[in-house]
Structure formats: C-alpha cells, structure tokens
Amino acid sequence: MRIIENVISDRGSKYAVSGGPVGSAQEAKAFVKALCRKKKFAKATHNSWAVLLPAGPLKNDDGESGAGMVILRMLEREGVEGHLVCVTRWFGGKHLGGDRFRHVQEAVRIYLQEP
C-alpha cells in the first residue's frame, strides 16, 4: 500500500491519495478496510476509490458523488489494471463545488506519476 498524504489542500479540505495492487472485488474491499484501520483515514469524510479488474470495473464514491467515476475514467485512460486508487478527503467546512473533481483528478495524476 502506497499513501501520499497532504497531496492537495483547498479551503480547509485536505486530500490524500493511496493505492495498491488488487485482483478481485474481495481484495479491493479488504484494501479499503485496511486503509481505514488507520485512524486518520477512518475519520475521513470520503474514501472514494476505483479499480479495473478482469471481471469488470469497480468503484465507490463513499458519499462524494461522481468521484469514483472520475478515478475510474483516469485509470481506463492510463490503462492501469489491477491497481486500486483511493482518493481521501477530509472536509474543511467550505463546499468546493466543481473544484472537488479537479482535486480528485489531480490527486490521481500525482499518484500515477510518482514511482
């Protein structure tokens, strides 16, 4: 599991991005569960994630409508299969509107660019 913390900060909201290899829906759920064992991530407002698997794509918005699809589209565009990417947001008190999707995209871009 690779975690990049404090990747983006905007109007009080903070973002982290994490990911790792998974081969099935059960492994994807176990990955997110393991991430949420870390108290900081368990207390996050949203842990949105997506993964491309041989059995088909999986995504979860975790209350951040559309965020899972944003992650999924980026994974499809980059051809990243069998690797779950999770964008975590801690809400800072101010609504971000459409900026939240740009932040999700940027977090995924940063994750995919780092070795």
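**Placement of Glu-64 and architecture of the predicted fold**

Glu-64 lies in the loop that connects β4 (56–60) with α3 (67–78), where helices (H or I, at least four residues) and strands (E, at least two) are DSSP runs numbered from the N terminus. The model is a predicted one, in which local features need pLDDT of at least 70 and side-chain atom pairs count only at pLDDT 80 or more, whereas totals for chains, interfaces and linings use all residues. Residues are numbered from 1 along each chain as its sequence is written, and side-chain values use heavy atoms, with hydrogens and water left out.

Glu-64 has a relative accessible area of 5% and is therefore buried, a class defined as under 20% relative accessible area, with exposed being over 50% and partly exposed in between (1.4 Å probe, protein chains only). When residues up to four places away in sequence are not counted, Glu-64 touches Tyr-15, His-46, Ser-48, Arg-89 and Arg-100, contact meaning heavy atoms within 4.5 Å.

The secondary structure of the protein chain comprises four helices and five strands, which follow one another along the sequence in the pattern β-β-α-α-β-β-α-β-α. The radius of gyration of the chain is 13 Å, close to the 13 Å given by the globule rule for 115 residues, so the chain is as compact as a globular protein of that length; this radius is taken over C-alpha atoms, and the rule is 2.2 Å times the number of residues to the power 0.38. The C-alpha trace spans about 40 × 30 × 25 Å along its principal axes, and 45% of the 115 residues count as buried. Of the contacts with a separation of 6 or more, 64% are accounted for by residues 24 or more positions apart.

The five strands form an open sheet with antiparallel pairing, in the order β1-β2-β5-β3-β4, two strands being paired if DSSP finds at least two bridges between them. The edge strands, each pairing on one side only, are β1 (2–10) and β4, and the twist from one strand to the next averages 15 degrees. Strand β3 (residues 46–53) is joined by five bridges to the antiparallel strand β5 (residues 83–90), and Ser-48 stands opposite Val-87 in β5. Helix α3 packs on the sheet through contacts with β3, β4 and β5, its direction making about 35 degrees with that of β3; axes are lines fitted to C-alpha atoms, for helices over the stretch in contact, and angles run from 0 to 180 degrees between N-to-C directions. Helix α4 (residues 99–113) lies across β1, β2 (13–21) and β5, and runs at about 145 degrees to β1.

The largest nonpolar core contains 22 residues, of which Val-7, Val-17, Ile-71 and Val-87 touch the most other members; such a core is a set of buried Ala, Val, Leu, Ile, Met, Phe, Trp, Tyr and Cys residues joined through side-chain atoms within 4.5 Å. At least two residues of this core are supplied by each of β1, β2, β3, α3, β5 and α4, with the largest share, six residues, coming from α3. Leaving aside neighbours within four places in sequence, Ile-71 is in contact with Ser-48, Trp-49, Ala-50, Val-85, Val-87, Val-104 and Val-108. A second, separate core of 14 residues includes Val-22, Val-32, Ala-44 and Cys-86.
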